[in-house]
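This briefing covers a structure by topic, from the arrangement of the chains down to single residues. Please read it alongside the sequence and the model.

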There are 2 protein chains.
Amino acid sequence: MRARTGNPTRMIRVRVPGRTARYPVRVERGLLARAGLLLRAMGTHRTAVLVTDATVGRLYGALVASALSRGGYRVRVYNVPDGERAKSFPVFRRLCEAWARDGITRDAVVVALGGGVVSDLAGFAAASFYRGLDWAVLPTTLLAQADAAIGGKVAIDLETGKNLVGAYHHPLAVFADPDALATLPARAYRAGFAEIVKMGVVARPSILDAVARLARRGGLGDPSSAAPLVLAAAAEKANLVGKDERDQGVRRHLNFGHTVGHALETAYGYRRFLHGEAVSVGMVAALRLSVLEAGLDPVDAVEVETLLRSVGLPTSVREVPDRPFWDALGRDKKRGRAKLRVVLCPAIGKAKVFEMSSLTTLRRVVRSLTS
Amino acid sequence: MRARTGNPTRMIRVRVPGRTARYPVRVERGLLARAGLLLRAMGTHRTAVLVTDATVGRLYGALVASALSRGGYRVRVYNVPDGERAKSFPVFRRLCEAWARDGITRDAVVVALGGGVVSDLAGFAAASFYRGLDWAVLPTTLLAQADAAIGGKVAIDLETGKNLVGAYHHPLAVFADPDALATLPARAYRAGFAEIVKMGVVARPSILDAVARLARRGGLGDPSSAAPLVLAAAAEKANLVGKDERDQGVRRHLNFGHTVGHALETAYGYRRFLHGEAVSVGMVAALRLSVLEAGLDPVDAVEVETLLRSVGLPTSVREVPDRPFWDALGRDKKRGRAKLRVVLCPAIGKAKVFEMSSLTTLRRVVRSLTS
């Protein structure tokens, strides 16, 4: 699988080595309306278990339900609450109990329609119910299409932390329909660019050029023009997942910007930032740290910061709530490791995992985020 | 892996084809006290997360905790309630939240000490926490040593049904210590013979001879004499799991006696029968059905019934609560299949899955259980 930005190919494949997982990621307009027939070609399931949230359900639930009916499925729809609170034990349990009461069993295919929250929740329910049902993802946010829907990682949150209970459960297919992005709030849409830019920084520089061109052309507001970017980011994600399903090697490069990003989200109680926004600020920190500790050219770091601003993402914060931020950052240490691990970028398109023995430089970098 | 009843070998291996899973099952006196050193040889984990229930914890908790300390582990003990209610969402959630609060992470190995309930619960928590921690099983009941602890199937119950939410998560090792059986209540101990006899019926007739010899010698009360039987049953289970991890072929033969057995458990609200007792009555039904529908020699069927009685297991019931029993049995049908699937035994040592188009014969057989 190689870089194909701008290439007419609209389908990539995720191949997980040593496992049977091997599935298509399609990025194509109008996929939501064709999901039933496409899915039908992939299996003999009788029932489609459509899981979506209130907002996406209102917009696309009926469209996808009727598409699934046309595929010959008996369709059952399950609505879950909007937002991160859906990734909780109570919602997970209610979903499983409802499936059991409705007689859902192994002949069903779960269809997750929504952003990363819906696919994380529905995917973990699919992974666990009857010890594993087949499932498919129809991501409707830019972030989910370019990143979250790919790779088989599904989870719910504990009170103590995000994504702590979950599974690796690859879907049968990912159908990303750029038309769905048209209804995405502008802020959520912009936040999706954070993971796309990240992919350019750690693995595929051509993505950065493509984002820059799009920004110059004023094309950021047009979701269909994001399709080639979605495809390029998804292809790179698929590539890294194929090399390292279980996060023991190169897949960890995808955490670039996430150490500081997660700590910011936690410090602000997940209210101030969208995930992509926190990752954007976190990437600025990671870039500056890379200049200081990994030899990244400062000009390159500044260019990426400028790119983030050009797509409307934050690159600084008014203040960092000291205690909760450093507590969140320090949690890794408490968990048995002596050193904090961060992903740094020694040159654009490259990444590596660093163990930091001292926090002095990081403190300096974090202070620079507020100026 | 072949039959080795009476063979001095005390270790078998589970090999799951096409996966990395390949782990030892040891059956040996004194294993509980050596668990720490044995486990240490299998990995570099820092922390041992010991999960046990109130009763087993009181008997063997301190012994195993100090064995784990001797293995160089930092030991954390988590007690869960006795009995099936531990396999519930609230207990599962509490366990995960406690692990998260205590900073348990991927460098930990979960150690399940107890019967099938403890290993199902702790195994599913291990499968899901951080998307999968390593784990080991120290089964302390005859049923768990001979059957439940082997094969990687872990689960919790829903209100609507047993084992509906779970995973396939193979342990690093199974250490079955026959000494632990000495404290098992007599009734629970006898119930364990049901799955051992079942293994003889569907796969390895020599197990039936060994059980009969033990009963004639009056050796049933002596747990250490059960060790060769545990080993033989465990070896056969490992063999079937190795051929069919995901219950799509021969592993389903292990459901012999379980269709009627489960329906009896459900009909009586899981209060009247221990699992092994219900399976014993269910096997009588399956044997009689096999005579009528699959050509099993009636003499063989009667011999197995006699064997079950000789180990103190029930082979009849005073009454079958009609409505709940047939409702429970019919659930399979409602779930989309037109026919009820049962495992029958055309000859001792063989099994196959039958689809029954009519329930007439089964009704007759079930009536015969009350006479």
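Two strands are taken to pair if DSSP finds at least two bridges between them. The model described here is predicted. In chain A, an open sheet of seven strands has the order β1-β2-β9-β6-β5-β3-β4, with mixed pairing. Its edge strands are β1 (11-15) and β4, and each of them pairs on one side only. From one strand to the next, the twist averages 20°.

**How the two chains are related**

- Two copies of a chain are related by a rotation about an axis and a shift along it.

**Sheet and helices of chain A**

- Strand β3 (residues 47-53) of chain A runs parallel to strand β5 (residues 108-114) of chain A, and six bridges join them.
- One pair in this stretch is A:Ala48 with its bridge partner A:Val109 in β5(A).
- Helix α3(A) packs on the sheet and touches β3, β4 and β5 of chain A, in a direction that makes about 160° with that of β4(A).
- Helix α4 (residues 116-128) of chain A lies across β3, β4, β5 and β6 (134-139) of chain A, and runs at about 165° to β5(A).

**Sheet and helices of chain B**

- Chain B also has seven strands in an open sheet, ordered β1-β2-β9-β6-β5-β3-β4 with mixed pairing.
- At the edges of this sheet stand β1 (11-15) and β4 (74-80) of chain B; each has a single partner strand, so one side of each is left without a neighbour in the sheet.
- The twist in this sheet averages 20° from one strand to the next.
- Strand β3 (residues 47-53) of chain B pairs with β4(B) in the parallel sense over seven bridges, and B:Thr47 stands opposite B:Arg74 in β4(B).
- Helix α3 (residues 89-101) of chain B lies across β3, β4 and β5 (108-114) of chain B, at about 160° to β4(B).
- Helix α8 (residues 227-243) of chain B also packs on the sheet, where it touches β1 and β2 (22-27) of chain B, and its direction makes about 15° with that of β1(B).

**Burial of strand β3 in chain B**

- In a regular strand the side chains alternate between the two faces of the sheet.
- B:Thr47, B:Val49, B:Val51 and B:Asp53 point one way from β3(B), while B:Ala48, B:Leu50 and B:Thr52 point the other way; all are buried.
- Seven of the seven residues of β3(B) are buried, so the strand is largely enclosed by the rest of the structure.

**Nonpolar cores**

- The largest nonpolar core has 238 residues, of which A:Trp99, A:Phe193, B:Trp99 and B:Phe193 touch the most other members.
- Leaving out residues up to four places away in sequence, A:Trp99 has contacts that include A:Val49, A:Val51, A:Tyr78, A:Val110 and A:Phe129.
- A second, separate core of 22 residues includes B:Leu31, B:Leu50, B:Val56 and B:Leu138.

**Cysteines**

- The count of disulfides over all chains is zero.
- For B:Cys96, the closest cysteine sulfur is that of A:Cys96, at 13 Å, which is too far for a bond.
- B:Cys96 is buried, at 0% relative accessibility, and A:Cys345 also counts as buried at 0%.

**Individual residues**

- B:Arg131 sits in the loop between α4 (116-128) and β6 (134-139) of chain B, and is buried with a relative accessible area of 11%.
- Beyond its neighbours within four places in sequence, B:Arg131 is in contact with residues of chain A, among them A:Lys153, A:Asn163, A:Tyr168 and A:Arg246.
- B:Arg131 and B:Arg106 are 25 residues apart in sequence, and their C-alpha atoms are 9.2 Å apart in space.
- B:Arg216 lies in helix α7 (residues 206-216) of chain B and is exposed, with a relative accessible area of 66%.
- A:Ser88 is in the loop between β4 (74-80) and α3 (89-101) of chain A, where it counts as buried at 18% relative accessibility.
- Leaving out residues up to four places away in sequence, A:Ser88 touches A:Ile156 and A:Asp157.

Definitions and conventions:
Residues are numbered from 1 along each chain as its sequence is written. Chains are lettered from A and ligands numbered from 1 in the order in which they are written. This is a predicted model: local features need pLDDT of at least 70, side-chain atom pairs count only at pLDDT 80 or more; totals for chains, interfaces and linings use all residues. Side-chain values use heavy atoms; hydrogens and water are left out. Helices (H or I, at least four residues) and strands (E, at least two) are DSSP runs, numbered from the N terminus. Axes are lines fitted to C-alpha atoms, for helices over the stretch in contact, and angles run from 0 to 180 degrees between N-to-C directions. Contact means heavy atoms within 4.5 Å. A disulfide is a pair of cysteine sulfur atoms within 2.5 Å. Buried means under 20% relative accessible area, exposed over 50%, partly exposed in between (1.4 Å probe, protein chains only). A nonpolar core is a set of buried Ala, Val, Leu, Ile, Met, Phe, Trp, Tyr and Cys residues joined through side-chain atoms within 4.5 Å.
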